[in-house]
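Let's take a walk through this protein together.

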Amino acid sequence: MAARKPMPVTAAGMERLRRELDDLLTNKRPSAAALIHDTLEESPGSQTDGEYEGAKNEQAFIEGRIRTLEDILANATLIDEEGARASDVVHVGATVSVRMGRKRQRFTIVGAVEVDPAHGFVSDESPVGQALLGHRAGDTVEVAAPAGQIKMTIESID
């Protein structure tokens, strides 16, 4: 099997992933198995029943998510957040304040597994992340967006 690409993850992100995996293993997996068992006990031969099918689908989703989380955690590389704060160059783990015309926005550059655009977490592989990486405060970068090029001036890096 080929080696997987390392996945950068913040300490908080790593903890969230571990908690989710623990919940799936200790709570949701046994719960799904019990529901399947109970459904079969209540009406033998109900494998075509909608409730049974729903329980089997839930179990399949849980098993898939467990495998995904185990893979992510096995390949996770902890982001050096202290180093990110001490650097004057944008890199994974940095929080960047930018200006786009009169609008200001903050982005935290994270690995793909922690992306949450609604909260300002953008991937290092996204157009915004790629445009910002390696630049310093005062630099202006251009981001290719569906509506055209967007210019961003980096105001600060935390």
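Predicted model: local features only at pLDDT ≥ 70, side-chain atom pairs only at ≥ 80, totals over all residues.

Taken over the protein chain, the average pLDDT is 89, and 91% of the residues reach at least 70.

You can pick out four helices and seven strands in the protein chain. Starting at the N terminus, they follow the order β-α-α-β-α-β-β-β-α-β-β. The radius of gyration is 22 Å, well over the 15 Å that the globule rule gives for 158 residues, so the chain is more spread out than a compact globule. Along the principal axes, the C-alpha atoms take up a box of roughly 70 × 35 × 30 Å. Buried residues make up 33% of the 158. And if you take the contacts with a separation of 6 or more, 51% of them are between residues 24 or more positions apart.

Next, the inside. In soluble globular proteins, nonpolar side chains tend to be buried together. Here the largest nonpolar core has 18 residues, and the ones touching the most other members are Val 96, Val 98, Leu 132 and Met 152. At least two residues of this core come from each of E3, strand E4 (103-110), helix H4 (127-132), strand E6 (140-145) and strand E7 (148-157). Apart from this core there's another one, made of 11 residues, including Val 9, Leu 17, Leu 24 and Ile 66.

Setting aside neighbours within four places in sequence, Val 96 is in contact with Val 90, Gln 105, Arg 106, Phe 107, Ile 109, Leu 132, Ile 154 and Ser 156.

Thr 95 is also worth a look, and you'll find Thr 95 in strand E3. Is Thr 95 buried or exposed? Its relative accessibility is 15%, so Thr 95 counts as buried. The side chain of Thr 95 has a partner too: a polar contact of 2.9 Å joins it to the side chain of Thr 108. Beyond the neighbours within four places in sequence, Thr 95 touches Arg 106, Phe 107, Thr 108, Ser 156, Ile 157 and Asp 158.

Over in the loop between strand E2 (76-78) and H3 sits Ile 79. With a relative accessible area of 9%, Ile 79 is buried. What surrounds Ile 79, once neighbours within four places in sequence are left aside? The contacts are Pro 8, Val 9, Thr 10, Val 92, Gly 93, Gly 111 and Glu 114. Ile 79 and Gly 13 are 66 residues apart along the chain, and their C-alpha atoms are separated by 9.9 Å.

Let's turn to the charged pairs. How many salt bridges does the structure hold? There are nine. One of them pairs Arg 19 with Glu 15, with the closest N and O atoms 3.7 Å apart. Both residues belong to helix H1 (residues 11-42), and they're four residues apart, about one turn of the helix. Arg 19 is partly exposed at 48% relative accessibility, and Glu 15 is partly exposed as well, at 37%.

Another salt bridge joins Glu 63 and Arg 29, with 2.8 Å between the closest N and O atoms. This pair ties together distant parts of the chain, since Glu 63 is in helix H2 (residues 50-75) while Arg 29 is in helix H1, 34 residues apart. Arg 29 has a relative accessible area of 33%, so Arg 29 counts as partly exposed.

Then there's the salt bridge between the side chains of Glu 155 and Arg 104, at 2.9 Å from N to O. Here, too, distant parts of the chain are linked: Glu 155 lies in strand E7 and Arg 104 in strand E4, 51 residues apart. Glu 155 is partly exposed at 30% relative accessibility, whereas Arg 104, at 55%, counts as exposed. Finally, Arg 99 joins the group: Arg 99, Arg 104 and Glu 155 are linked in a network of salt bridges.

Terms used
Residues numbered from 1 in each chain as written. Heavy atoms only, no water. pLDDT = per-residue confidence, 0-100. Core = buried A, V, L, I, M, F, W, Y, C linked by side-chain atoms within 4.5 Å. Buried < 20%, exposed > 50% of the residue type's maximum accessible area, 1.4 Å probe, protein only. Contact = heavy atoms within 4.5 Å. Salt bridge = Lys/Arg side-chain N within 4 Å of Asp/Glu carboxyl O. Polar contact = N/O pair within 3.5 Å; in protein donor to acceptor, adjacent residues only side chain to side chain. Rg over C-alpha atoms; globule rule 2.2 N^0.38 Å.
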